[in-house]
Amino acid sequence: MKKQDIILAIVWFVLGIAVAVMSYELKLGKLESPGPGLMPFILGITLSICSLPILVHSFGVVKRKEKRGDEAIWSGVNFKRLILAQASLFGYIFILEKIGFVLATFLLLLILFKIIDSQKWLWALIASTLTVIITFFIFVVLLKVQLPPSLWRIG
Amino acid sequence: MHYYSNLLSAFQLVTAPTNLVYCFVGVFMGTLIGVLPGIGPVGAMAILLPVTFGISPVTAVIMLAGIYYGAQYGGSTTSILVNIPGEASTVVTCLDGYQMARKGRAGPALGIAALGSFIGGTFSLIGLMFLAVPLSEVALKFGPPEYFALMCLGMTLVIYLAKGSLIKAAVMMVFGLILGTVGTDNISGKLRFDFGIEELLEGIHLVPLVMGLFGVSEVLVNIEKALGSRTVLKTKLRNLFPNVEDWKKSTGPIIRGSLLGFFLGILPGGGAILSSFVSYTTEKRISKHPEEFGYGAIEGVAGPETANNAATGGAFIPLMALGIPPNAVMALLFGALLIHGIAPGPLFIPTHPDIFYGTIASMYIGNMMLLILNLPLIGLWVKLLRVPGQILFPLILLFCLIGAYSVNNSLFDVMVMVVFGTVGYVLRKYEYEEAPLVLAFILGPMLETAFRQSLIISDGQLSVFFTRPISCGALVISVALFLLSGVGFFRRVRAKVTQIGEE
């Protein structure tokens with residue numbers, strides 16, 4: 001176990017308790033007629049119990065001020081790129097049915113090509129245009145997948 | 001002999017043009033994703049799952065299975081030429097395969113890997129056929145307590161054989177089981193953890209969950225840092241066929257690898273990973289010249305490569321005979337069968353012999369296709385190795401988005417996928433494995449139903465799990481595994497697998 005493990009251990013512990021409490025409200029039933037809450041109740045408690053060894057262990061590492069695992073997992077991570085990629089995916093969900101597959105996908109790819117490789121805009125523009133045309137052909141024309149039509153009803 | 005007549009008609013079925021085409025698409029995609037970084041067989045199967053909705057269940061399983069064993073072939077190519085394992089089960093191939101390539105013997109290394117895989121794969125198919133049928137006949141006598149206990153044993157083994165920390169694997173398992181309870185309760189019809197969201201009535205859908213965990217999160221891990229270009233060993237690919245001496249050295253490892261792989265493949269968890277590792281250590285131990293291992297010994301390629309393909313056949317046994325998927329890939333196949341209205345279980349083989357024998361026949365033909373794809377066409381895959389990530393990763397994300405949307409034409413599913421992409425990314429950063437989560441997610445509803453039915457038929461007596469020999473045996477083994485987790489053979493194996501994985 002490493003120092004940083006403490007964060008998720010707390011998440012599991014709290015999640016386990018929350019699940020157990022919600023399951024209790026769902027009615028546990030009796031052993032001869034188990035209710036809908038029984039299994040999730042057991043699972044919630046189990047999750048909390050499982051988080052304890054991680055919690056204790058990583059807490060020990062923190063307390064002893066050990067350097068172990070301090071080569072932080074987040075070092076060298078390009079947060080800007082990571083968050084932009086995430087944001088563009090969520091953004092895609094919001095605009096997909098509003099402006100249609102073709103335009104939304106073009107915008108998404110433009111951003112992704114641009115941020116993942118920091119290429120020139122022109123390169124990203126050409127790559128996204130080509131990709132949209134090819135995927136439209138494969139999925140809509142060949143595989144007949146239903147995708148949200150564009151504003152101009154061409155897709 | 002009903003085996004042979006069934007198999008014969010299955011071969012007729014499989015050689016129908018549609019099935020041949022889908023089989024080819026499957027093994028081709030499998031090799032492709034085995035070679036490319038950023039996506040593994042589980043993610044690829046999830047992306048292609050929607051494509052299978054419109055085709056017959058036999059054809060669907062043929063294609064999806066092709067992705068699975070095709071990825072093993074592709075994975076070994078990257079291990080040998082780039083020293084990056086394409087799949088977890090080809091990690092040990094790097095040790096000697098890459099060394100062989102550096103010494104200019106990439107050809108025989110690739111050749112023996114493909115031929116060994118073919119032999120191991122074929123052997124395990126025969127084993128699958130002869131073992132699954134009798135096992136499913138035994139399983140017909142199983143009641144809910146036996147099923148509950150066997151699933152517990154399966155999950156314990158998965159935790160036990162997990163790559164990293166045991167406790168983290170256990171957490172993933174329980175988390176997966178909890179996710180599986182979301183939606184309408186099977187028995188009482190009551191809603192659980194739906195938070196008033198209408199889309200959660202049927203629970204979280206499998207496809208977006210898997211795409212998020214295995215597709216999106218994998219891409220996020222890959223793009224978090226500056227993309228380096230992969231250096232592919234520039235080597236002349238000639239003499240793909242191993243020479244007489246190579247064959248002499250490899251015959252033993254291939255035979256042992258076939259047996260090891262098949263039997264370890266039946267075990268839940270990382271059957272293919274475990275068997276490739278056990279095969280490597282066995283060969284090294286019994287070799288007359290163990291000092292050559294790690295410096296380009298062909299036995300170190302032949303054994304593990306045979307074993308990991310033999311394991312793929314073994315992994316089908318729990319799924320097809322008992323209806324209990326032993327790993328994430330089989331869990332996805334299980335999900336695919338459910339979508340087609342087929343419930344795998346002991347009645348699966350008698351009621352759907354076409355799917356069972358069809359899958360076996362298709363894997364036989366698929367293995368032959370892979371031999372052709374991977375030996376004469378190896379140059380094509382080497383070229384694909386050079387496809388830069390900056391083109392690949394946006395495409396993988398796009399395919400995931402289209403795939404998740406097209407299952408139910410639901411934006412909610414896309415949302416689920418993106419959210420689990422983030423969750424999966426965080427889990428990967430903190431060294432949690434996602435495979436146990438997916439397996440538990442699929443097993444969850446079955447486990448709960450078996451548990452509650454057992455209690456109902458026994459009138460609330462928990463002793464029902466211990467008075468029946470099979471369920472008692474399975475539960476005792478599960479508990480024993482937990483207690484013994486600090487010692488024993490598997491602990492050492494686990495330690496080594498983790499160590500190699502980190503190198």
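## Helix packing in chains A and B

The buried residues of helix H1 of chain A pack against helix H2 (38-63) of chain A, and also against helix H8 (166-180) and helix H18 (411-429) of chain B. The model is predicted. Two helices of chain B, H12 (residues 299-322) and H15 (residues 353-374), have axes that come within 12 Å.

**Helix H1 of chain A**

- H1(A) spans residues 5-25, which makes 21 residues.
- From first C-alpha to last, H1(A) reaches 31 Å, close to the 30 Å expected at 1.5 Å a residue.
- Its buried residues are Asp5(A), Ile6(A), Leu8(A), Ala9(A), Trp12(A), Gly16(A), Val19(A), Ala20(A) and Ser23(A).
- These residues cover an arc of only 170° around the axis, so they lie on the same side of H1(A).
- In an α-helix there are 3.6 residues a turn, so residues three or four places apart point the same way.
- Lys27(A) follows H1(A) and has a positive phi, near 80°.

**Helices H12 and H15 of chain B**

- The axes of H12(B) and H15(B) cross at roughly 170°.
- An angle over 145 degrees counts as roughly antiparallel, so H12(B) and H15(B) are roughly antiparallel to each other.
- From H12(B), Asn309(B), Gly313(B), Phe316(B) and Met320(B) take part in the contact; they meet Phe356(B), Thr359(B), Met363(B) and Asn367(B) of H15(B).
- By class, this contact has four nonpolar and four polar residues, with no charged ones.

**Surroundings of H15(B)**

- H15(B) has 22 residues and reaches 31 Å from first C-alpha to last, close to the 32 Å expected at 1.5 Å a residue.
- Of the 22 residues of H15(B), 17 are buried, so the helix is largely enclosed by the rest of the structure.

Note on methods: Residues numbered from 1 in each chain as written. Chains lettered and ligands numbered in written order. Predicted model: local features only at pLDDT ≥ 70, side-chain atom pairs only at ≥ 80, totals over all residues. Heavy atoms only, no water. Axes fitted to C-alpha atoms, helices over the stretch in contact; angles between N-to-C directions. Helix = DSSP H or I, 4+ residues; strand = E, 2+ residues; numbered from the N terminus. Parallel < 35°, antiparallel > 145°, perpendicular 65-115°, else oblique. Contact = heavy atoms within 4.5 Å. Nonpolar A, V, L, I, M, F, W, Y, C, P; charged D, E, K, R; others polar. Expected span 1.5 Å × (residues − 1). Buried < 20%, exposed > 50% of the residue type's maximum accessible area, 1.4 Å probe, protein only. Arc of directions from axis to C-beta.
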